[in-house]
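Dear colleague,

Here is the structure I said I would pass on.

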Amino acid sequence: MCKERLSLHIALLFILAQCAPSVAFAQTTLVFSGNDNLNNWVPLHHVTITNLTRNWSDTIYYPDTTYTMYGVGIQEQTATSSPLVVSQNIPNPFNGTTSVTTSLSSTNTVLMEVMDLSGRIIVSSREKLSPGAHVFRIDLQKPQTYLLKVSAGQEKAVIKMMNMGGAGSDKIQYRGESVPTSTNLKSSTNCTDYPFEAGDRMMFVGYMMDGSLCISSDTIEQIQQGNEDIRLSFRLWDASWEPRHYIDTTALLIPDGVECNNNCFAVKTLLINDYPGEIVTNVNDIRYVRLNMEHSHIGDLYIRLTCPNGLTATLMKKYGQPDTIGCTYGFIFPEDFGWQVASATDDAYFGWHNGNDVPGNCDPVLNPQGIGWNYCWSCDTSSGYQYACGSGLIYDLCSRVQSDNPFFGNSYNYVDSTNMAAMTNVYRPDMSFNSFIGCPLNGIWSINVMDADSTNNGYLYDFELVLKEDSVYHYNPTYCATSSASNSEITPDNTQYKSRHPQWQLARRWKYASYKTKYPLKRFH
């Protein structure tokens, strides 16, 4: 706790001792910690605490990570009227050994945890205690500042302890019941800190330092009912972030003009849950869709992508005209027929097809697999992809290559594979991904591949969906004000973070490398 805040609490405790030595004031303790978007611990520089209901604000500075608020309007109250009361340890500071008294209003199981300032648990103890006051002895080896968190059911309390010496081991020992205080005294109006009552609306913002940059956390605004461990999240820009990849690599037989398992399609699905509340706002939010597949006769196939709310985009239309019988009838939208341009032909193959199959059959044993090639569809014009020849449509004649099929030993026409390393021969879908604008990113995405003619079978191997990078919260760097009780800026101790995360030093060079061109931007919604 900063010196100013510590002095305030010392004065408060003195007043309490004068005004109501036996009164246990209702208190709410908040414990703050910081983490980045990869869930790594980060040191806090300071935290601002604002009571929006009562119009006050306060700040705590590292290494202070706890904040205690005292209730208002206290009239008659006894030492055991609160469900859980934890006294400050005595002595404090201490030389390896100290004592703590807890008071309960009812029988409960009490969990005591001694933690360092990063939240790492050093030692813990669990005891079932009766109503009243109970004494614990705490021994700690390492000289440093500790947090003692005490939990009883839904109630929590946290105090800070400073060890100046060293005990032989880290342990917590229950030493028995103490004499509870029970004197009923009214509190004076002078015995208050910043006013707080359960149900007040609070706002919390944390700040961390990186060099000269002061970075703010996500703002937490909530109704505060009681004690709480509050985690402040820092969404850090990482220039090395890449789009998110989702993939299903199971081999799936593509039905050959018949229904297999009551479906005319080979269907693969992906469940995505990394974008809570976000929707597609830009055609480039879907970077590309990749299918690894093999199949004879491109003209047999029809492929479409479906987003979580049922919106669809056709990757490849069906060759020819609508049929009134068979699997195509009622399953392919009428507008999804008809690529019959002069430059197109329907006899090229996807990948190396194995022709030793049984047409019109759903048994994989009777339909041996070939070797799949990669095919990517994308509308993204911002990532430097090189589109296939002509208009970029997959059925353009100029996208054909000659290759010797290892299953037949002869040269055939094949639809040219996408080069995944260079991202060349990328294809444009027949229907733009603009059709997905407004679709939620989270949920089940599915790919549907239909072989509309019972001639030759094929297989769908990989279905990969590549979406935009994780939502980027771009923060506005500010000057981190220091505690008014300090003459110099408080620099957080990054030693622990560096030791736990060796990449920290390297990471710093690229986390903020885009500062001048990337701030401030908006989060996608």
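Cys398 is partly exposed, at a relative accessible area of 46%, where buried means under 20% relative accessible area, exposed over 50%, and partly exposed in between (1.4 Å probe, protein chains only). Its disulfide partner is Cys389, with an S to S distance of 2.0 Å; a pair of cysteine sulfur atoms within 2.5 Å is taken as a disulfide. Cys389 is also partly exposed, because its relative accessibility is 25%. The link of Cys389 and Cys398 is right-handed, with 100 degrees about the S-S bond.

Please note that this is a predicted model: local features need pLDDT of at least 70, side-chain atom pairs count only at pLDDT 80 or more, and totals for chains, interfaces and linings use all residues. Residues are numbered from 1 along each chain as its sequence is written, and side-chain values use heavy atoms, with hydrogens and water left out.

The structure has 2 disulfides. Cys307 and Cys439 form a disulfide with their sulfur atoms 2.1 Å apart. This pair links distant parts of the chain, 132 residues apart: Cys307 lies in the loop between strand 23 (301–306) and strand 24 (312–316), and Cys439 in the loop between strand 27 (411–415) and strand 28 (443–451). Strands here are DSSP runs (E, at least two residues), numbered from the N terminus. The link of Cys307 and Cys439 is right-handed, with 120 degrees about the S-S bond, and both cysteines are buried.

Two further cysteines have accessibility values. Cys376 counts as buried because its relative accessibility is 0%, and Cys379 is buried at 15%.

Regards

Notes:
Helices (H or I, at least four residues) and strands (E, at least two) are DSSP runs, numbered from the N terminus.
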